[in-house]
Amino acid sequence: MTRETNFCPTCGNTLRPLRHTGRERPYCDSCEMPYYIGTKVAVIVFISSDDKVLLTQRRFDPGKGKWALPGGFVDHDEAPKAAAIREVCEETGLDVHIRKLLTVIPKQDDGMADLVIAYGATVVAGQIRAGDDAAAVGWFSSDAMPPLVFYPCIALINLWRAGELDV
Ligand SMILES: [Zn+2]
């Protein structure tokens, strides 16, 4: 997805393309500043137990009815780990301990995030209760996967099913 910005968010002046720090960027002649388009960062959390992985069913589009790893967007003033813990709690009712960074996945499809940070986590408290944008929550074994959505989730789950994800 391309995001266009036509006006300076500080002064409202029309931005014009100008080469700055190695690439063409929207530039405000009034503020004498380039406008850096914010990177939308999301987190996903891989929680496995007894050879099963915790998935959430999407309540809304995109991907309504399909399943994904719990996760969501990182707020602009929020640490990624805190976002991961918050999103898992909102969607599944479970409190997790983030154990490790698994990988960072740049955008490779028309998904809503520009950058996805994937963590491995362990459940420390709570009872499963679907909430927020999750319609259902469940544990799934690698040979009984439901229909999946979102490239980063599918890529991680495929690695896990191949025995190549050290969670
Ligand atoms: Zn300006």
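In this predicted model, C28 has M33 of β3 as its bridge partner. The two strands concerned, β2 (23–28) and β3 (33–34), run antiparallel and are joined by 2 bridges.

- Strands of a sheet pair through backbone hydrogen bonds, in either a parallel or an antiparallel manner.
- Here, β1, β2 and β3 form an open sheet of 3 strands in the order β1-β2-β3, and the pairing is antiparallel.
- Because β1 (16–20) and β3 each have a single partner strand, they stand at the edges, and one side of each is left without a neighbour in the sheet.

- Most residues other than glycine have a negative phi, and most peptide bonds are trans.
- E32, in the loop between β2 and β3, has a positive phi near 55° although this residue is not a glycine.
- E32 counts as exposed because it has 7 C-beta neighbours inside 10 Å, where the cut-off for an exposed residue is 12 or fewer.
- D51, which lies in the loop between β4 (41–49) and β5, is likewise not a glycine and has a positive phi of about 60°.
- With 10 other C-beta atoms within 10 Å, D51 is therefore exposed as well.

**The cis peptide bond**
- The peptide bond that leads from D61 to P62 is cis, its omega being near 0°.
- P62 itself is placed in the loop between β5 (52–58) and β6 (67–68).

Definitions and conventions:
Residues are numbered from 1 along each chain as its sequence is written. This is a predicted model: local features need pLDDT of at least 70, side-chain atom pairs count only at pLDDT 80 or more; totals for chains, interfaces and linings use all residues. Helices (H or I, at least four residues) and strands (E, at least two) are DSSP runs, numbered from the N terminus. A residue is buried if 20 or more other C-beta atoms lie within 10 Å of its own, exposed if 12 or fewer, and partly exposed in between; C-beta atoms are placed from the backbone. Two strands pair if DSSP finds at least two bridges between them.
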